[in-house]
Each structure stands twice: as C-alpha cells, then as structure tokens.
Amino acid sequence: MAYASRFLSRSKQLQRSLVIFQQQHAIPVRAFAKEAARPTFKGDEMLKGVFFDIKNKFQAAVDILRKEKITLAPEDPAAVKQYATVMKTIRQKAGMFSESQRIKHDIDTETQDIPDARAYLLKLQDIRTRRGLTDELGAEAMMFEALEKVEKDIKKPLLRSDKKGMDLLVAEFEKGNKKLGIRKEDLPKYEENLEISMAKAQLDELKSDAVEAMESQKKKEEFKDEEMPDVKSLDIRNFI
C-alpha cells in the first residue's frame with residue numbers, strides 16, 4: 001500500500017481524476033448552489049449566507065468520503081452497491097437530488113411551456129438521451145404508438161390542455177404499461193436500479209482514470225522496475 005500511495009501521489013492525472021470525482025460524481029458544488037436554500041438577506045449578507053451553506057454541505061460530503069471505503073471494482077455488484085449507498089448518504093446529508101429526482105426536475109422545468117403532447121414526448125426522449133438512459137422495455141415506442149392512436153381517433157394534434165384527449169392518452173399508456181409489465185408499485189425498484197446503474201458507470205470511469213494514471217507513471221524511469229498495484233487495492237480516502 002505504501003508503494004501504491006507513492007506511485008499515485010505524484011500523478012497529476014490522478015489528482016485531476018479525484019477532483020472530477022469530488023465535483024461531478026460525488027459532490028458537485030454546482031448542485032449544492034442550485035439546491036441550497038437562499039436566506040432572506042440582501043447584498044453581501046445574502047451572498048455570505050449562500051456561501052456558508054454551500055461550504056457546509058460540501059464539507060459534509062467530504063467528511064463522508066473520508067470515512068467510507070470505496071472499492072474501484074465496477075465488475076463487483078457488492079462494490080457497486082456500496083458505492084451507491086455512499087452516494088445516497090452524501091445526497092441526503094447535502095440535500096442533493098437523486099438521479100431520478102434530477103430527471104423529474106428536468107422534465108418539470110423543460111416541459112412546462114410545451115403545449116402539445118407530441119412535443120412533450122419528444123422532449124422526454126431528448127432528456128433520456130442526454131442522460132444516457134436506455135429504453136430497454138420499449139416504453140418510449142409504446143407512448144408514441146398510443147399518441148398516434150389517440151390523434152387518429154380525435155382527428156387532430158393532441159394538446160395537453162385537452163383534458164378529454166389526455167385522459168384517452170393516459171388510458172392507452174396504462175394499457176401499454178400492462179403489456180410491458182410496468183407497474184406503478186414497482187417504481188421504487190426502477191429508481192433503485194437506475195441509481196445502481198449510475199453508480200456502476202461512475203465507478204467504471206473512476207477505475208479507468210486510475211488505471212490510466214498508473215500506466216502513465218509506470219512509463220517513468222523511477223517506476224519501471226516496480227509492479228503496478230491492483231486498482232482494487234487503492235483507497236481513495238488517502239487522496240482526499
């Protein structure tokens with residue numbers, strides 16, 4: 001472990017990787033800023049209050065990362081679950097959105113001014129693509145098929161303000177969900193699977209960054225005769 005620490009501590013690439021880990025994967029400062037509750041002060045006092053709120057949430061997240069062991073093994077379900085649990089604890093302590101909550105927030109804010117159902121579904125498709133989410137069940141195609149059927153029945157484009165037409169669309173959605181085996185009571189399970197999927201992707205990126213950093217160091221003269229440590233033996237707590 002001593003060699004691993006020496007091997008990695010001098011790698012600027014790994015340090016950049018850890019900064020990315022702190023700012024994007026685990027403790028994004030911009031997320032704190034966006035979701036922080038703003039005081040009612042004015043001018044400098046307001047900015048001071050916001051700054052300290054962000055600082056406290058950031059520190060709370062770092063404190064958790066210093067205590068919890070994260071194993072860079074995205075191929076290990078137990079390591080992925082542990083990482084997802086740590087991230088959930090950080091979000092709860094810092095008052096951050098979960099991935100599913102972020103998606104809902106994006107949908108609510110980006111679709112509020114969309115008048116018609118087709119543009120709404122296209123925006124949902126855009127959000128899903130941007131988030132890197134896959135539609136393994138084919139729910140997206142089902143929703144567009146349902147819209148086609150309703151618009152054919154009402155003989156005009158469906159507006160979201162058309163309550164009767166939207167009720168017909170929702171009824172078609174429910175039929176499609178039943179065929180696909182999607183149930184409302186299973187939503188918590190879907191959300192948990194999403195968090196696990198995101199955790200695995202983040203762990204995979206962290207592992208790739210660490211391996212790349214070590215391979216870069218290995219090429220240097222001072223390390224050419226030393227064996228590169230197993231990435232799973234690294235303890236990120238030593239570098240925070």
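Which residue forms a salt bridge with R183, and how far apart are the closest N and O atoms?

Author: R183 pairs with E185, and the closest N and O atoms of the salt bridge are 3.5 Å apart. A salt bridge here is a side-chain nitrogen of Lys or Arg within 4 Å of a carboxyl oxygen of Asp or Glu. This is a predicted model, in which local features need pLDDT of at least 70, side-chain atom pairs count only at pLDDT 80 or more, and totals for chains, interfaces and linings use all residues. Residues are numbered from 1 along each chain as its sequence is written, and side-chain values use heavy atoms, leaving out hydrogens and water.

R183 is partly exposed, because its relative accessible area is 44%, whereas E185, at 54%, is exposed (buried means under 20%, exposed over 50%, partly exposed in between, with a 1.4 Å probe and protein chains only).

R130 and D126 both belong to helix α7, where four residues, about one turn of the helix, separate them. R130 counts as partly exposed because its relative accessibility is 47%; D126 is also partly exposed, with a relative accessible area of 31%.

A further salt bridge joins R131 to E99, with 3.2 Å between the closest N and O atoms. The pair links distant parts of the chain, 32 residues apart: R131 sits in the loop between α7 (117-130) and α8 (139-154), and E99 in helix α6 (residues 99-111). With a relative accessible area of 27%, R131 is partly exposed, but E99, at 12%, is buried.

In total, the structure holds 19 salt bridges. The chain around them has 10 helices and zero strands (DSSP runs numbered from the N terminus: helices are H or I, at least four residues; strands are E, at least two). Of its 240 residues, 35% count as buried.

R91 is found in helix α5 (residues 77-94), and with a relative accessible area of 15% R91 is buried. The buried residues of α5 also include Y83, M87 and I90. On the other side of α5, K81 and K93 are among the exposed residues.
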